[in-house]
Amino acid sequence: VLRDGRLVAETTPAESDAGRLASLMVGRDLVDVYPPLVPPSIDTSRLSIRDLSVPGHASKITFDVAPGEIVGLAGLVGSGRTEIAEAIVGLRAISGGEVRLDGDAVRFRSPKQALERGVAYVSEDRKGRGILVDLSCVENTTLPNLRAYGRLVPDRRRERATTANWIERLDIRCPDPRSPIRTLSGGNQQKFAVASRLDARPTVLLLDEPTRGVDVGAKRELYHLIAGLARDGLACVLISSELPELLGLCHRIAVMRQGRLAGVVDGPTASEESIMRLAAGVGEEAA
């Protein structure tokens, strides 16, 4: 087991389990990896997707997300999960159906327009669409919401104060916020990508593979962050290839197969097997 460039332990499969290996990797015991699942207190829909079709990728997808609810999108590679999120925020064309936000039909032309209406998207392509690796941590934090810091010349003092607040709130390891964000670890880069969207105070948050490429310790911190955002009233959509994190975080999980919705399962009572049966087309159970 390696940590911070050093050999910290040697063991055998018979002597170890996932929990012990994770603790060795981060240098401390990892308890409560997944936070308690708190049911949403409001049952009205904040984000409604009705018969949404994305040319070549998805057809007639329908689901709802309430304030305080985390809805997962599961499916095999190529099932259309990411394309649905991209269509919602205007990155892909919509050929049919509608998106409703608090009951009003919306059709965004860009992620910027979506963010202005309170719908934030954190892409699975962190270095391509999530952050700008050669800009500083401060610039990455405020860029999506730059208008709030001045129309012609940004208020640098306010930008630094905002960044410091997010560093503290999200427990980001960042020795110098003025340094290029590429100098940070993947987990801390991901936290800045999330912070930059949250800075606009969205009401809906779409997270696509939010823990891809981050270590197990950072995963736990991101899990607790997502759950905390939901408790604060955000409507969250979580797209992930990791079934344990969908089962550990989501109230409901919508399973996609070949561009269609194969079924919706209850997060707390679902299993990896029930999700995979739907995703692979060998079961038709739905909740």
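In this predicted model, a residue is called exposed when its relative accessible area is over 50%, buried when that area is under 20%, and partly exposed in between.

**Exercise 1.** Determine whether arginine 178 is buried or exposed, and classify its salt-bridge partner as well.

Solution. Start with the pair itself: arginine 178 forms a salt bridge with aspartate 176, and the closest N and O atoms are 3.1 Å apart. Next, take the arginine, whose relative accessible area of 65% makes arginine 178 exposed. Finally, aspartate 176 has a relative accessible area of 26% and is therefore partly exposed.

**Exercise 2.** Find which parts of the chain are tied together by the salt bridge between aspartate 64 and arginine 50.

Solution. First, the closest N and O atoms of aspartate 64 and arginine 50 are 2.8 Å apart. Then locate each residue: aspartate 64 belongs to strand S4 (residues 58-65) and arginine 50 to strand S3 (residues 47-54), so the bridge ties together parts that are 14 residues apart in sequence. As for accessibility, aspartate 64 is partly exposed at 22%, and arginine 50 is partly exposed at 31%.

**Exercise 3.** Carry out the analysis for glutamate 242 and lysine 219.

Solution. The two side chains meet in a salt bridge with an N to O distance of 2.8 Å. Glutamate 242 lies in the loop between strand S10 (235-239) and helix H9 (243-249), while lysine 219 sits in helix H8 (residues 216-231), so parts 23 residues apart in sequence are tied together. Glutamate 242 is partly exposed at 31% relative accessibility, whereas lysine 219, at 17%, counts as buried.

Conventions
Residues numbered from 1 in each chain as written. Predicted model: local features only at pLDDT ≥ 70, side-chain atom pairs only at ≥ 80, totals over all residues. Heavy atoms only, no water. Salt bridge = Lys/Arg side-chain N within 4 Å of Asp/Glu carboxyl O. Helix = DSSP H or I, 4+ residues; strand = E, 2+ residues; numbered from the N terminus. Buried < 20%, exposed > 50% of the residue type's maximum accessible area, 1.4 Å probe, protein only.
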